[in-house]
Structures are given as structure tokens and as C-alpha cells.
Amino acid sequence: MKDNSGGHTGDRDSKTATTFTDAPDATGGHSFDSTESSEFSGTEALVKLRNVQKYYPIHSGILKRHTSDVKAVDGVSFDIWQGETFGLVGESGCGKSTLGKTVLHLLEPTGGEVIFNGINLASLSSAKLRERRRNIQMIFQDPASSLNPRMSVEQLIEEPMTSLTEWPKERRKKRVRELIQEVGLSIDHLPRRPHEFSGGQQQRVAIARALSVNPQFIIADEPTSALDVSVQAKILNLLKDLQVEYDLTFLFISHDLSVIRNFCDRVAVMYLGEIAEVAPTEVLFNRPKHPYTKALLSSVPTMDGLQEDRIQLEGDVPSPENPPSGCRYHTRCQEYIGPVCEDESPELKLVDAAQVCACHHYE
Ligand code: ADP
Ligand code: MG
């Protein structure tokens, strides 16, 4: 991994961890060392999630009373290590995007903590949070809607630097010219507007924007899902190259298992707002432990069509407004063992080296 202080990343404040002295004890009792056999063992966690919740209130009746909540994210804890690509996978609607936005505090968590570089983001004033945001950037699925159509590419790439840094104009302009080339576009593209570009090119502009302020951590929410398959690989390769060059840490969100397998070092599997399993990518794909992970993996077609011993995911995903009791997967589980599955919520436990799983089979 390239030295953090080199070239482009020089402005990133490595003093972050010492700037604030009110960093809480981040271990919170939930810490499981799921990296002992990975290349990241011994590295500090850059991001720690502790029991993070995000509920969307539902108001109903004539008085629009708060009657219940969509429990989109309900008690998520994991660590993301400096320099790794941490994947988050699960069916549509399981809470991936909500979790991504909550980590960045674009959505305020209903409960729990996000600790970034030793600092609890909730403890920051809005001004300090804005300052901190410079270090955390997000890339969205649909580049067309994340880029203001009235701005030129040059303005788009410069804008985060204008709003989040004190850099003088010459420095910003120089950085724009460097970045446009680094993401595989050219200086000639700078005066143009987003609609003149293909989806892949627009995503390159969005990536340049995210990188402009020298972030440490990037949350990429389905960054290639809206793109043609031929373009997907190119964008993923670009992200990989930039990761090495800028020493980036990624939270990579996708519903696409093959993209996750190609791109991520470790993976968390999410089901109905909770984490079912976390493991290094190859361990997860070769030795899945959670029944939901097994079902999810077996739904992926192989070279010769669908797998023979395929596990059928039964029924629809239950509503996050009224999730099943106990283990949320019990209504669809192919390995249901009895009342304990309906009565008790299983905790994430270390089941194998570097692999944690929340299932009563492993209690
Ligand atoms: P994913 O990204 O995994 O598809 P989301 O985080 O988008 O999942 O959504 C999780 C759940 O929260 C879904 O049931 C979705 O309908 C609900 N949801 C998402 N955004 C909102 C919102 N702004 N208000 C109410 N419910 C929402
Ligand atoms: Mg989503």
C-alpha cells in the first residue's frame, strides 16, 4: 500500500485522530476480530459501527400520528479496516443504502454510533461534521441524478473543494485538471455538461468529484449497477487503481454477488436491517455459514445454468415495518431448528477464523 503522505494525499490530515480528544472507547464490547487471518490483521479499524439503527417513522390517520417505523437498519455492528474494500450485500430493500447514508451521517442514526478515525461522528457539531465529511465521500448508483445538469464538468469536480476546503482557486483548478485525466477523461471534457456523456463517463465524473477533496473513505452504493456490463468492469478497475494510488478504504454496496466477489476483501451479508454474516470474501463464497448466505449464493447461476442443489429462497422478504420475531430469517429458513429461531434473536458470534455469523446453529 502506498505511503499515505505521498503526492496527492499530502493534504489529508493524518493528525485527525489527535485533533479531537473526546474519542470514546470504541470497542463497545461488540468487537470481534474477524480479520485475524486476513492481510489486514494488525491494522487499525478506520470505521467502527456500533449497534447502528435507522428507523423511518410512519405517520398515519387524520392526525398523522407517528404510528410505527420502518426498521431499515436495526443494530448493525462491524469494523472496516484501513485500506480494505468492505462489501455489503443483500436483497433489494434490506437496508444497504440506508446504512451507507447513515454511516456518512447524511441520515441521522436513530441509535448506535459510527466511529470514524476514533471520533464518534454524533459528538461533532455540524461545522465539525462538515469538516469531517471531507474525509468520507459517497458515490451513488445513478450518476445522472447525482450530478447537477446545469454545472459543467469543471464546476462539478471543483465544487466539493470550494465547499469543503480552503484551497485557493489555482490549486483547485490544477486539481481538476489532474483528476479529469486520472479518471480516464480529458481536459477537453471540462467545459461540457453531464448530459453530453455516457453513463460510464458520468460515473467517472462522479468519482473525480468524490476524490477531489482527498478522502480516506469512500462509500460506493451500487456504483456500477446502472451501467452496461461492458462498462462495469472498466469502472471497477478504475476504482481498484485509485484505491491503491490514494490508499482508500471502501464500503462497497452491491446486490450483485459476482461484483462483490471480484472487488471486495471482506463481505457483510445483510438481511432485513441486520447483519447475518461477515467473512473474508473467499471464505464467504466457499464456506458460507448462515443459511441466508447459502441461499443467496446458490441463487447465482453457474456456467452451466442454475446450480443443481439450489436452495430456493421461499416467499417474499417480510416487511421491515413488522419484521419477524427472533431470527428475522426464520420465516424463510431452510435450516430452521425450532422455537428458539422464533423466540430469540441470534447474536453475531465468531464461528471460524475471521468469520462471524448470527444463527442459532452456531450458538
Ligand atoms: P436497499 O438499498 O438494500 O435496497 P434501502 O436502504 O433503500 O434498501 O431501504 C430499506 C428499507 O427502508 C426498505 O423497506 C425501503 O422501502 C425503506 N426506505 C428507504 N428509504 C425510505 C424513506 N426515505 N422513508 C421510508 N422508508 C424508506
Ligand atoms: Mg440501495
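These entries record what I looked up in a predicted model.

**Conventions.** I number residues from 1 along each chain as its sequence is written, and I letter chains from A and number ligands from 1 in the order in which they are written. Local features need pLDDT of at least 70 and side-chain atom pairs count only at pLDDT 80 or more, while totals for chains, interfaces and linings use all residues.

**Confidence.** I looked up pLDDT, the predictor's confidence in each residue from 0 to 100. The chain averages 87, and 86% of the residues score at least 70. For residues 1–10 I noted a pLDDT below 50. Residues 13–37 also have a pLDDT below 50.

**Ligand 1.** I listed the residues near ligand 1 (C-beta atom, placed from the backbone, within 6 Å of it). Among them are Tyr56, Val70, Ala72, Lys96, Ser97, Thr98 and Pro320. Strand 2 (65–81) and helix 2 (96–103) are the elements that give two or more residues to this shell; helices are DSSP runs of H or I with at least four residues, and strands are runs of E with at least two, numbered from the N terminus. Helix 2 gives the largest share, three residues.

**Helices 5 and 6.** I then examined helix 5 (residues 153–164) and helix 6 (residues 169–182), whose axes come within 9 Å and cross at roughly 125°. Axes are lines fitted to C-alpha atoms, for helices over the stretch in contact, with angles from 0 to 180 degrees between N-to-C directions. Helix 5 is therefore oblique to helix 6, the class left after roughly parallel (under 35 degrees), roughly antiparallel (over 145) and roughly perpendicular (65 to 115).

Conventions: Contact = placed C-beta atoms within 7 Å.
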